[in-house]
Every structure is written in structure tokens, then in C-alpha cells.
Amino acid sequence: MVRTMHETRNTLSRRTLLRACVLGAATSALQGRLEAAAQLPLITKPIPRTGEKLPVIGLGTIWYRDANYPTLKPVIQRLFELGGTVIDTAAIYGESEGVIGPALQELNLRRRCFLASKFDAGHMPATPPTEAQLRGPGPGGVDGPPPGILRPMPDGIGGPAAFERSLQRLRTDHLDLLQVHSMSDAEALLPQMLEWKRAGKIRYVGVSAPAAGPARLVQVLKAFPLDFVQLDYSLSNRAADNGALQACAEHGAAVLINLPLGRNGLLRKTQGQPLPTWLQQIEVTSWAQFFLKWVVSHPAVTCAIPGTTNVAHLEDDLRAGRGQLATAAQRLRMEKEWATLA
């Protein structure tokens, strides 16, 4: 039978209406889950040296670029709407600090933000970076940058010059946390950082030690009163269990965790895999929350800082920071669940 134009239009209208209804239902369901999550208590942990409490999920910003400012500003805004406060960046991240500073200023959120950055003594690359270095995986197999984004490379600016530039980019007169980005620079930079702390330019001092062995970390912890240590830790990379996390706990250092979703993409390995129903006991409703909840439930971990440039991903991540932490027995069960997929 040949349909008339009127019948065809009606059919298309019905299809359009049905598609809109399905989309609307999905959106409503997602919004309902987000609203339900917002009713759960926010999980916070204290900074050992002061007792100041931080939400256990923050935000990493290595891929933040000026050209994407219109879509990145809402991510930062949403972080605070959902109870987050911790933003971690670095001088070496290129344009990242210059995105965060204006966003916090325009949103009037600087006072609510626990703003952390990192710097080093200044290292120039021996040769210009290759295309593979700019676009490919990073050291240790870390995933490469998103399409259209280049991996940041050292520019040779370090020490006090880098710190002052960070303050200018971030549009602030102080940092809540300044970290040494390279452990090899710790002895050179920490004495000056402690002076800045006494002067009120920074509130806490720390080091980023993702690849440092526990012996080297203990050496620095014994030599300086570190407030924070940043470590690489996830279900696919548990090297920090070799003594680094224990050393931080013994020396009273808070712990930030970078790459909590894994160096090689934990989420890719769980695509299409059903989430175990027992995880409802700890309010976990996605694989991202599964991996993050496991990390922040470690007694020595203060806050995890998964990186994202996407509002929906941020909302999912922050959901792991509400409800309750996993017990030691539940963490072990999570490890066994992961072992069946890895």
C-alpha cells in the first residue's frame, strides 16, 4: 500500500514523539539517580596534620585547554554543586591553570576550593618532543590525550618563577597545596616551600611521588614535615601497597591519588560487563564508582582526583564519594570481582 503524505507525516511525528519520550524517560531516570545520590551523606576524610576535612573525590585537570573553556567551566561549577572542593593541576599542565583560575573567579568559588598545584625545579627537554610524545601514551603506559589535545611538555620554567606564574594563572594570592612534581627536586624545593608556607602563600606542602619507591619516599618524609603525598594507585596498579601508603600513614601525610581509574583504562575492560548486584550495599551504581570507591576506602587515602572534562563523567565520579566507604572485607571482594575481568 502506498502511504499518503499525511500518513507519512503522522508516522514520522509518532516516531519523533516516541523517540523523544524514550530519551526523556532515560534523562529522567538519570536525573532521578543523581538526585537520589545527592541525598546520601558526603564522605569526607581529615588531613592528618590539621583535621581539616576534604571530600574523598576531587578533580584532575591535565587536559584542560583554553579552547575548551566554554565546556570546562560547567565541569568546575558542577563539582561544587555536588559537594566537591578539591581541584588538582600543575605548572607543567600548560593551559590548565589558566582555565581554572578564570573559572573560579567568574563563578566566585575560589574561597570554597581546595586548590592544589605542582611545580619542579625547571627541566628543559633535551630535544623537541616527537609527535608520539605529544599525542601518544605517557610514561608507564598512561593513556594518551583526548583527540585534539596535545600532551603538555616541560617548558624549562621552574622554582619561584613557576610558583609565581601559577598564582597569576590561577588568579589567587595563595595555594591550598603546593607539591613538588619531581621527587628528584624535593631537597632543592621543599625548604623554600616551607618558607612560603610560613608566609601564608601556601597552606600545605607535599610531593607527587607516583613512581617513587618506598625507600626514597621515606627518606623525604623523614627529612621534611610533608602534609601531602600524591601517589598513583588503582586496582590495576597497586605498587603503592609496597610500603608507600603505609609510610604516609606512619608520617602523618594525607594522600592524594592520581590515575585512580587506571593507567591503561580500567573502564574499557568492563564495557558490556554487568555490575555485581551486591555493590548496592555500598551505593555503587557504575564501574567508575566501583574503581573509585575501592581506592578511597583504603584507610591511608584522603582523596582521589580522577581527571575529566565531561560533566556527566564528573557526576558519575562524585557519586563514589557519597554513602559509605567499603569495609576491608568488601574491598577484598571487589579485588576478587576485578580479578575475574582483568
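Which strand does D176 lie in? D176 lies in strand 6, which covers residues 175–180. Before we go on, keep in mind that this is a predicted model: local features need pLDDT of at least 70, side-chain atom pairs count only at pLDDT 80 or more, and totals for chains, interfaces and linings use all residues. Residues are numbered from 1 along each chain as its sequence is written, and side-chain values use heavy atoms, with hydrogens and water left out.

Let's start with the whole chain. Its secondary structure comes to 12 helices and 10 strands. Both are DSSP runs numbered from the N terminus, with helices being H or I runs of at least four residues and strands being E runs of at least two. Of the chain's 342 residues, 49% count as buried. Here buried means under 20% relative accessible area, exposed means over 50%, and partly exposed is in between, using a 1.4 Å probe and protein chains only. The accessible surface of the chain comes to about 16200 Å², and 56% of that belongs to carbon and sulfur atoms. Such areas come from the Shrake-Rupley method with a 1.4 Å probe, and for residues only the protein chains shown count as cover. Now for contacts, meaning heavy atoms within 4.5 Å. Take those between residues at least 6 apart in sequence: 76% of them join residues at least 24 apart.

Back to D176. With a relative accessible area of 4%, D176 is buried. Not counting residues up to four places away in sequence, D176 touches R110, C113, F114, L115, R203 and Y204. One of these, R203, is 27 residues away along the chain, yet the C-alpha atoms of D176 and R203 are separated by 4.8 Å.

Another of those partners, F114, is worth a stop too. F114 is found in strand 5, residues 114–119, and F114 is buried, with a relative accessible area of 3%. Leaving aside neighbours within four places in sequence, its contacts include I47, L54, I87, L177 and F228, as well as D176. F114 and D88 are 26 residues apart in sequence and 8.5 Å apart in space, C-alpha to C-alpha.

Next come the nonpolar cores. A nonpolar core is a set of buried Ala, Val, Leu, Ile, Met, Phe, Trp, Tyr and Cys residues joined through side-chain atoms within 4.5 Å. The largest one has 79 residues, and the members that touch the most others are I87, L190, M193, V207, L217, V229 and L231. Helix 10 (residues 287–296) gives this core its largest share, 7 residues. There is also a second, separate core of 12 residues, which includes I47, F114, L177 and I305.

What about helices packing against each other? Two packed helices are described by the angle between their axes and the distance between the axes. Helix 3 (residues 96–106) and helix 5 (residues 159–170) pack at an angle of about 40°, with their axes 7 Å apart. The axes are lines fitted to C-alpha atoms, for helices over the stretch in contact, and angles run from 0 to 180 degrees between N-to-C directions. Helix 3 and helix 5 are therefore oblique to each other. For the cut-offs, under 35 degrees is roughly parallel, over 145 roughly antiparallel, 65 to 115 roughly perpendicular, and the rest oblique. On the helix 3 side, E97, G98, I100, G101 and P102 meet S166, R169 and L170 of helix 5. Also in helix 5 is E164, which counts as partly exposed at 31% relative accessibility.

Finally, let's visit some loops. T302 lies in the loop between helix 10 and strand 10 (303–304), and at 3% relative accessibility T302 counts as buried. Apart from neighbours within four places in sequence, T302 is in contact with K45, P46, L54, P55, V56, A254 and V255. L259 lies in the loop between strand 9 (254–258) and helix 9 (266–269). Phi of L259 is near 55°, a positive value in a residue other than glycine. E283, found in the loop between helix 9 and helix 10, has a positive phi as well, near 60°. Are they buried or exposed? L259 is partly exposed, with a relative accessible area of 27%, while E283 counts as buried at 18%.
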